[in-house]
Amino acid sequence: MSDGKLITFEGIEGCGKTTQLRLLARHLEDRSLAVVTTREPGGTPLGERVRDLLLDPRFGPVAVSELFLLEAARSQVVAEVIRPGLDAGAYVLSDRFADSSVAYQAGARGIDRAAVERLNTLACAGVVPDRTLVFDLDVELALARARYRPSTTADNRRFEDEAIGFHRAVAAAYHDLARREPHRVVLVDARGTAEEVHARAVAAVGDLIP
């Protein structure tokens, strides 16, 4: 494994993870540490095209097609962004990674978890997060945030439009991940101001920062 560190940001829609990624990136940069940020799906030209397809309500991929599209984008971002960043010794911060497929496609869509994990292993090519932060927030509150934030539009709200039961299943799957892998996956209380949550996130990765 390389000298870099991979920190991934996970959670249900509207949990605030993207804001927290930006705040942690700034925190690390203020300490003169090299930082690379990316997102899933996305992060590469191919991945961004896949993202447009996946988020657009006009398209309705079945669960397995959705998973295959995500894994294709994931493989590309690992090869083009994440692996090179780690090899260069950077802190790579990713807005979602393989755990999203465990939570969404296995936990909520009902695809066999072992099958999802096998595809994740193939797409990730040996890359495993050093720390995964799951921003934990009440499902109803988070979903209300997600549905009414300015960046949610008619062209990208396919997941926000899922029923509340879907989002509860995603949240439950993230909690299960934290129970299964407590040394890697950390639940971060996402209640309060962005600054309060940021302080909790910094504490959760403190052992990875010199």
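Predicted model: local features only at pLDDT ≥ 70, side-chain atom pairs only at ≥ 80, totals over all residues.

Trainee: Why are H4 and H5 called roughly antiparallel?

Mentor: Helix H4 (residues 98-108) and helix H5 (residues 113-124) pack at an angle of about 155°. The cut-off is over 145 degrees, so H4 and H5 are roughly antiparallel to each other. Their axes are 10 Å apart, and the crossing is right-handed.

Trainee: Which residues of H4 and H5 make the contact?

Mentor: From H4 come Ala98, Ser101, Val102 and Ala106, and from H5 come Arg113, Val116, Glu117, Asn120 and Cys124. By type, the residues of this contact divide into 5 nonpolar, 2 polar and 2 charged.

Trainee: Cys124 is in that list. How do you know that the sulfur of Cys124 is too far from the closest cysteine sulfur for a bond?

Mentor: Set the distance against the cut-off. A disulfide needs two cysteine sulfur atoms within 2.5 Å. The sulfur of Cys124 has its closest cysteine sulfur in Cys15, 19 Å away, and that is too far for a bond. The structure holds 0 disulfides.

Trainee: And what makes Cys15 and Cys124 buried?

Mentor: Buried means under 20% relative accessible area. Cys15 has 4%, so Cys15 is buried. Cys124 has 5%, so the word applies to Cys124 as well.

Trainee: Why is Leu24 called buried?

Mentor: Its relative accessible area is 0%, so Leu24 is buried. Leu24 lies in helix H1 (residues 17-29). Not counting residues up to four places away in sequence, Leu24 touches Ile7, Phe9, Leu93, His198, Val202 and Val205. Take Ile7 from that list: Ile7 and Leu24 are 17 residues apart along the chain, and their C-alpha atoms are separated by 10.0 Å.

Trainee: What makes the phi values of Ser32 and Arg96 worth a look?

Mentor: Both are positive in residues that are not glycine: phi of Ser32 is near 60°, and phi of Arg96 is about 80°. Ser32 lies in the loop between H1 and S2, while Arg96 is in the loop between strand S3 (91-95) and H4.

Trainee: How do you know whether Ser32 and Arg96 are buried or exposed?

Mentor: Exposed means over 50% relative accessible area. Ser32 is at 68%, so Ser32 counts as exposed. Arg96 has 8%, so Arg96 is buried, the limit for that word being under 20%.

Trainee: One last item: which peptide bond has omega near -20°?

Mentor: That is the bond from Glu40 to Pro41, and this bond is cis. You will find Pro41 in the loop between strand S2 (35-39) and helix H2 (45-55).

Notes. Residues numbered from 1 in each chain as written. Heavy atoms only, no water. Axes fitted to C-alpha atoms, helices over the stretch in contact; angles between N-to-C directions. Helix = DSSP H or I, 4+ residues; strand = E, 2+ residues; numbered from the N terminus. Parallel < 35°, antiparallel > 145°, perpendicular 65-115°, else oblique. Left-handed = near helix turned anticlockwise from the far one by under 90°. Contact = heavy atoms within 4.5 Å. Nonpolar A, V, L, I, M, F, W, Y, C, P; charged D, E, K, R; others polar. Buried < 20%, exposed > 50% of the residue type's maximum accessible area, 1.4 Å probe, protein only.
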